[in-house]
Amino acid sequence: MPEFPQPILDFLSRSPTPFHAVANLGAHLEQSGFHRLAEGDDWGGLDEGRYFVTRNDSSLIAFNWSGDAGPGFRMVGAHTDSPCLKVKPEAISESEGYARLALEVYGGALLAPWFDRDLGLAGRVTYRDREGRIGNALVDFDRPVAFIPSLAIHLDRKVNENRSINMQDDLPALLCTMRGNEPGFPALLEKQLDAQGIGDVSGVLGFELSLYDRQPAAVVGLEEEFIASARLDNLLSCFAATEALIGNSARTNAVIVLSDHEEVGSSSASGAGGTFLRDVLGRICGDAGTLARAVSHSMLVSVDNAHGVHPNYPDKHEPAHRPMINAGPVIKINHNQRYATNSETEALFRHVCEQGGVPVQSIVVRSDMGCGTTIGPITAARLGVRTVDVGIPQLGMHSIRELAGVQDQDFLVRALAGFFGCSPWPF
């Protein structure tokens, strides 16, 4: 096994929300020579170079620009969000002398693993300063502040036989005991902003906060071959795409698009169903005709983790399509267009992997089971770009702590780097 890079572990542990992930990736890109653009600025005719732009602080597009859109764009897409528990507007309630945090389930989360964990609190806060200006700030309490305790087995003897979780009644998180002088939740956030050095706050006006597991990312297993962490789906793909783009030295128009809100359907201004990618490509190209011609020569690799075969439940997989962890990235195929792969895009990705010495697997779901989807079909439909859906295999998808392979992360970076530098380009 290759030596696992510490930066990905640090990135996972320091990125409890999409806002933090984008901030960390943006800083990494700037340190690597990428120039930050603002959507509200006049870009004019961009010179050849390396750029990135964000939307809503939670989505990011970065690109190497050759100065000529004629050869098209080689794009890699992933998503920054993960299933989690988000704080409701009226955040704190009292029950039996305890202060509880009201939570809404975001995305298709596995709920049972959220119980009995040390939980942190992080996200974005929108505030007004003392001069009446509105500003945003990222917050992270950076310590365990909440806990969702299980009901003791003595009070529910059949819990191991048929446990069900009510999202409204069972998930409020314990914050503290009530003493009668607790500050309101906005005041609590103001105090945290002050602790982080963001002064002159006259009031918190809104927030997008979520709980997260305080256990850091780690390499685990007897042979240290697995990555265990929250948010592997899909921050592993975001990090791999960014590393491949930074390492790209070919004179190609290489693009990464990292979108928020995939776990809830992508229908937002900062999601893959929005206009972000088309807006950015349109501004690069300069006019609709140039964009249309460029798209005809372009391709997107949609990267989102795949279901590795679970050794305890092998029958949940199609018999001949059982991806193994640390056996290479997986090409996802669904003829009902839940994935956007076709024979042409599958062939190019296989070719790139073969050229780079990267093993590759494939997956289809059982015919009697439903199939998930990705940003791939959405982006393909919005932009009209040929697309392949791929991802590295993992276990425990949508749990508070997931499992993937050390070697697969290296394989994925190499495959995406090969895609960016592929020559000759067939389209």
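Select arginine 128 first, and look across to glycine 203, which stands opposite it in strand β10; on the side of strand β8, the bridge partner of arginine 128 is isoleucine 134. This is a predicted model, in which local features need pLDDT of at least 70 and side-chain atom pairs count only at pLDDT 80 or more, while totals for chains, interfaces and linings use all residues. Residues are numbered from 1 along each chain as its sequence is written, and side-chain values use heavy atoms, with hydrogens and water left out.

Next, select strand β7, residues 119–129, where nine of the eleven residues are buried, so the strand is largely enclosed by the rest of the structure (buried means under 20% relative accessible area, with a 1.4 Å probe and protein chains only). Strands here are DSSP runs of E with at least two residues, numbered from the N terminus, and two of them pair if DSSP finds at least two bridges between them. β7 runs antiparallel to β10 (residues 201–213), with eleven bridges, and antiparallel to β8 (residues 134–140), with seven bridges. Follow β7 into β8 through the four residues of their hairpin, where glycine 132 has a positive phi of about 85 degrees.

Then move to helix α5, residues 232–246, a DSSP run of H or I with at least four residues. Its span from first C-alpha to last is 21 Å, close to the 21 Å expected at 1.5 Å a residue, the expected span being 1.5 Å times one less than the number of residues. Of the 15 residues of α5, 14 are buried.

Conventions
Buried < 20%, exposed > 50% of the residue type's maximum accessible area, 1.4 Å probe, protein only.
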